[in-house]
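Please keep the sequence and the 3D view at hand while reading.

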Amino acid sequence: MSLVLVHARYLFLETIRVPIAVIGSAFFPSAAMLFFVVPFTGQDAVAATYATGSMLIFAIMSACLFTYGIGVAEDRAQPWDPYLRTLPAGPLPRFAGRILTVMGIMLIAIIPVLVIAALLTAATVTPAQLLLGLVALLVGSLPFTLMGLFIGYALPSKAAVVVAQVVFFPMAVGGGLLTGPPEVAPDFIKAIAPYLPTRGAVELVWTASTTFSPNVLSLVMLAAWIAVFGALSTWAYRRDEGRRFS
């Protein structure tokens, strides 16, 4: 456990030495809250609660895709990384430390969204709903965690930056994170959203924090995305491991 914490501390300090990486994860969902949610749906308790859930998923997706995807790819390019893999402790402490680091960045990203929702909108949840919503966020982060790991282990750092950016925005828009409450989304978004992991993830949060009833298809597809990218990230890691030590 002490090795995990050492790696987590090292990786977190390494990340915050370039503050824009952390600021970016917190800025965009917070800016969306201030410029779109607060003026347009801020006084509608139900719509504001839905929108807050959407922005929370937006925040964790950003943290996972960019921190895992770009961070892992950049680490692989350093001579320090293969050396760490040869140490007796193995790769697990560093991997667990990276997970703790990203969880810390996720926390930094969601706190401004929650503060804006509490102070500037009519969004409301009970303490139990808030707790369940945070648990739903952790579950909802799984496909983006695995997607980020796949990008990081499969691609060189320059390609990882581009792919993470290309994947991020279509996932957010297509999943309905930027179109308001689910019943007012355009027909095109309603048609494609259930097939994207963003929709399944946000429906978990909506279910935990509101009276929303999730679409079974969205949850099934969320599980499918987790399974597929779990397999792909494992394959990419083993391929990278084989290349380094063959």
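## Terms and basis

Helix axes are lines fitted to C-alpha atoms, taken for helices over the stretch in contact, and the angles between N-to-C directions run from 0 to 180 degrees. Helices themselves are DSSP runs (H or I, at least four residues), as strands are (E, at least two), numbered from the N terminus.

The model is predicted: local features need pLDDT of at least 70, side-chain atom pairs count only at pLDDT 80 or more, and totals for chains, interfaces and linings use all residues. Residues are numbered from 1 along each chain as its sequence is written, and side-chain values use heavy atoms, with hydrogens and water left out.

## Helix packing

Helix α1 (residues 2-16) packs against α5 at an angle of about 50 degrees, and their axes are 7 Å apart. Angles under 35 degrees count as roughly parallel, over 145 as roughly antiparallel, 65 to 115 as roughly perpendicular and the rest as oblique. The pair α1 and α5 is therefore oblique. Their crossing is right-handed; a crossing has this hand if the near helix is turned clockwise from the far one by less than a right angle, and is left-handed if anticlockwise.

A second pair is formed by α3 and α10, whose axes come within 9 Å and cross at roughly 135 degrees. These helices, too, are oblique to each other, and the crossing of α3 and α10 is right-handed.

## Helix α3

Helix α3 covers residues 45-76. Its 32 residues reach 46 Å from the first C-alpha to the last, close to the 46 Å expected at 1.5 Å a residue; the expected span is 1.5 Å times one less than the number of residues. Since 28 of the 32 residues of α3 are buried, the helix is largely enclosed by the rest of the structure. Buried means under 20% relative accessible area, exposed over 50%, and partly exposed in between (1.4 Å probe, protein chains only).

At the start of α3, a side-chain oxygen of aspartate 44 comes to within 3.1 Å of the backbone nitrogen of valine 46. Such a polar contact is a pair of N or O atoms within 3.5 Å; within protein, one must be able to donate a hydrogen and the other to accept it, and residues adjacent in sequence count only if both atoms are side-chain atoms.

## Salt bridges

How many salt bridges does a search of the whole structure find? The search finds 3, a salt bridge being a side-chain nitrogen of Lys or Arg within 4 Å of a carboxyl oxygen of Asp or Glu. Side chains of opposite charge can pair when their charged atoms come close.

Arginine 98 pairs with aspartate 75, with the closest N and O atoms 2.0 Å apart. Arginine 98 belongs to helix α5 (residues 92-120) and aspartate 75 to helix α3, so this bridge ties together parts 23 residues apart in sequence. Both residues are buried, and aspartate 75 has a relative accessible area of 10%. Aspartate 240 pairs with arginine 76, the closest N and O atoms being 3.1 Å apart. This bridge links distant parts of the chain, aspartate 240 being in helix α11 (residues 216-245) and arginine 76 in helix α3, 164 residues apart. Arginine 76 is buried at a relative accessible area of 15%, and its side chain also reaches the backbone oxygen of leucine 155 at 2.7 Å.

## Helix α10

Glutamate 203 and arginine 199 form a salt bridge, with their closest N and O atoms 3.0 Å apart. Because they are 4 residues apart in helix α10 (residues 197-209), about one helical turn separates them. An α-helix has 3.6 residues a turn, so residues three or four places apart point the same way.

Helix α10 has 13 residues and spans 19 Å from its first C-alpha to its last, close to the 18 Å expected. The helix is mostly covered, with 11 of its 13 residues buried; among them are Trp206, Val202 and Gly200.

Threonine 121 is found in the loop between α5 and α6 (127-140). Threonine 121 is buried, with a relative accessible area of 11%. A polar atom of its side chain lies 2.6 Å from the backbone oxygen of alanine 117, and one lies 3.2 Å from the backbone nitrogen of alanine 123.
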